[in-house]
Amino acid sequence: MDTTFLDTRALDLEPPPTHPPFRTAAVLGAGTMGAQIAAHLANAGLEVHLLDIAPDDDDPNAVVREGFEQAREASPDPFFADEAADRVHLGNFEEHFGRIGAVDWIVEAVVERMDVKRDVHARIEAHAADDAVISTNTSGLPIHAITEGRSADFKRRFLGTHFYNPPRYLKLLELVPTDATDPDVTERVAQFGRLRLGKGIVVANDVPYFIGNRIGVFAQLQAIRYFTDGDYTIEEIDTLTGTISGRPKSATFRTADLVGLDVLMDVATNLRELVDDEAQREAFAVPDVLERLVDDGRLGEKTKAGFYKKEDGEIKSVDPDTLGYTSAADEELGDLGAVWNAGGLSARLQALYEDDGRAGRFFRETTLELLAYSANRLGEVSDNPADVDRAIRWGFGWTMGPFEMWDALGMETVLDGLEAQAFDVPGWVHAMHERGETFYDTRDGEQAVFMPHADRHEPDPRPADELRLAPIKQDAANELWSTDDAALLDVGDGVALFEFRSKANTLGRDVMMGLRECVGRVEQDANLRGMIVGNEGKNFSVGANLGEMAMAASEGAFDVIDQYIDEFQRTIQQVRYASSPVVVAPHQRVLGGGCEMAMACPHPVAAAETYIGLVELGVGLIPAGTGTMRLAARAAQDAPNDNHNAIQDHLRPYFETVAMAEVAESAAQGIEMGFLPENTRVVMHEDRRLYAAKQEVLRLSEQGYAPPPVMNKIKVLGAKTLSTFKVALMQYREGKYITEYDEHLATQLGKVMCGGKLSSPQEVHEDYLIELEREVFLSLLGEEKTQARIQHMLEHNKPLRN
């Protein structure tokens, strides 16, 4: 089943896109970006032709094949699943260039040289269909210059794209139309990019390096200079430009290593040549240590050495004088614990700004310079401060962009600091301050942003097909029920949403009791048509609350645990068999009990980036929230007939997947691995997930919802298949692939999936397997090695192999 097309099937109550979707594409250039762009287009269901030059040897496809294979082997994987890779068709410029005449969208992604790009577009014009959209993918070359010599019709359907690397995972897609680009072409690519590729779209002006790199690389080089020209260590700067200030964990130097020092140096060099004024040029001067590292071939992660290098099991950082690597010195940043304890990100930023030590000095100086630079770029890179913020959030992984940070710190605080540091500030900023205005405001219930060119706030609403919980929670009347760990929210149109609020969205006893309570409320309330189970946390759920389990086990309270597991199972079953539609909407990490909840849901709506799996064996347990029962049932259903061997062939991969605690790397792969039902609706753009789930509840209600029938005849295979699994496990242990305790755990898993002590294949009720799950789970929880695994996970957040 081709699951990647699920998001393109219009939900019954959802307005159709205004532009036809692209169905075919050609990507010209199979380098890192070209091959991975092709991969993500294939993820979206397109048939993609990936072409590159033909080398002077016996294999004209050698170059394109090498690029494609590197993409296939890349980590993280650019493809959702193997079936997506099958939609990429390789070819070369000599034999297959004519293929581009049959595609909807041509993406040129050759080397970043103006002469090469112009030559390729001359060939494209000679072969492209009259209605094909044509784009160049570049991180900063002038878009209008690439079309020099092309016809007016070509220029009308041509624009620039800037996918961020890796294209599947980074949300930002900058679109750069020229003055000649038809607005409908820009809108078509924007709509497709958002709905089908899952991108956050920002339309940028055709200026050097657009928005994201212009601001983001400025901030990166600015921080590096505090190492090369200041008195801060690499580790100190990465601490201050990491999660404490709302930026990615990779911060400054680790990000540079991940992107590639050669890439960073090329962008900086080009920016220095292309920007207009001298002050900007100096901001993009390449630091000497960066140039020396690149000259020495130390390019970061791809060469295993850059600003950081792992030596003898230790991560060391480069010495700017010798280029040798040294151990990290103690950081002298004062009491950062006080910053962390200040509260949310806005409070942390304020605490850092007010800090009177080295941490505060670094944060104030770098932040003020960045905010002044960003304000002075408005009108050049973009007219809209919100687009600058979005580009930095989506392209560089910051939690707040520069203008959001400005508001968080306070207009007067920032202006006083800028004046003290003698930074140049546009007059319109002072005018805003005099009127008591901030960059963001709420007008008539919608977000508005200050637009300098218009000298007023203008609406900046979220798209109508995104459902966000924050504005819903602002009205207390929308909270239908709540505890500290969960809430039931009215999200409109007769649809409720059950939101986890526990730490890491764990499924503790209170959460599950609340879920059972809320399913019952929805079933009994004539004004409610159904319910979503979802949240906007970093992850949907990391599973059951291990801490509760460990405490009860240490006290010997196994009767309490037995009751808890029984309640957990009954809650999962209630999600499945509710008389009103309950739609589970998973995203990101969905582990253990969270996975079982999604497995049980008859009609889930999942984000494409859903990493789902049953990982209980890693903590010495088996899945006991109906997950093993459901996989056994799916194996029996998948088999083409009632034959023992056919069922075993389907059961084995499910057994191996759970025994190895494997996690799907996408929703599409989750369907293949049995963790999501085949009818799962996959939403490419994660911000649309809850909206799509709401539409699914309404669709099911409109059609006259009935829950699925109870599975009272699941064919399980008994002792013969369990013996087969045991032999395989013994071979794994003898080969030292698994430990003796791993073998024991997997045997107990096989016992449940094969039906326990049954001597021969039989049909059993689902309750039989659910009871068996609970029995085996409890027996394992009493074992010393399982308790050691649980404790190790709680203390170190990684599994113990004992």
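Me: Thanks! What kind of model is this?
Reply: This is a predicted model, where local features need pLDDT of at least 70, side-chain atom pairs count only at pLDDT 80 or more, and totals for chains, interfaces and linings use all residues. Residues are numbered from 1 along each chain as its sequence is written, and side-chain values use heavy atoms, with hydrogens and water left out.

Me: What radius of gyration does the protein have, and what would a compact globule have?
Reply: The protein has 28 Å, which agrees with the value near 28 Å for a compact globule of 802 residues. The radius is taken over C-alpha atoms, and the globule rule is 2.2 Å times the number of residues to the power 0.38. Along the principal axes, the C-alpha trace spans about 80 × 65 × 60 Å.

Me: And what percentage of the residues is buried?
Reply: Of the 802 residues, 57% count as buried. Buried means under 20% relative accessible area, exposed means over 50%, and partly exposed is in between (1.4 Å probe, protein chains only).

Me: Which helix is mostly covered?
Reply: That's α25, residues 593-600, where eight of its eight residues are buried. Among them are C595, E596 and M597.

Me: How many helices and strands are there in the protein?
Reply: There are 33 helices and 25 strands. Both are DSSP runs numbered from the N terminus: helices are H or I with at least four residues, strands are E with at least two.

Me: What share of the contacts is between residues 24 or more positions apart?
Reply: Such pairs make up 70% of the contacts with a separation of 6 or more. A contact means heavy atoms within 4.5 Å.

Me: Switching topic: which domain does UniProt list for residues 25-206?
Reply: The UniProt record, an unreviewed entry, lists "domain: 3-hydroxyacyl-CoA dehydrogenase NAD binding" there. UniProt positions are in the numbering used here, feature names are shortened, and annotations may be inferred rather than shown by experiment. In the model, residues 25-206 are 35% helix and 22% strand, with the end C-alpha atoms 24 Å apart.

Me: What is the peptide bond from S75 to P76, cis or trans?
Reply: The S75 to P76 bond is cis, with omega near 5°. P76 sits in the loop between α2 (62-73) and α3 (82-85). Another cis bond joins N165 and P166, with omega about 0°, and P166 is in the loop between β6 (158-163) and β7 (172-177). As background, most peptide bonds are trans, and most residues other than glycine have a negative phi.

Me: OK, so what is phi for D312 and N505?
Reply: Phi of D312 is near 55°, a positive value in a residue other than glycine, and phi of N505 is also near 55°.

Me: Where is D312, and is it buried or exposed?
Reply: D312 is in the loop between β9 (308-311) and β10 (314-318). Its relative accessible area is 82%, so D312 is exposed.

Me: And N505, buried or exposed?
Reply: N505 counts as buried, because its relative accessibility is 7%. N505 lies in the loop between β17 (495-500) and α22 (509-524).
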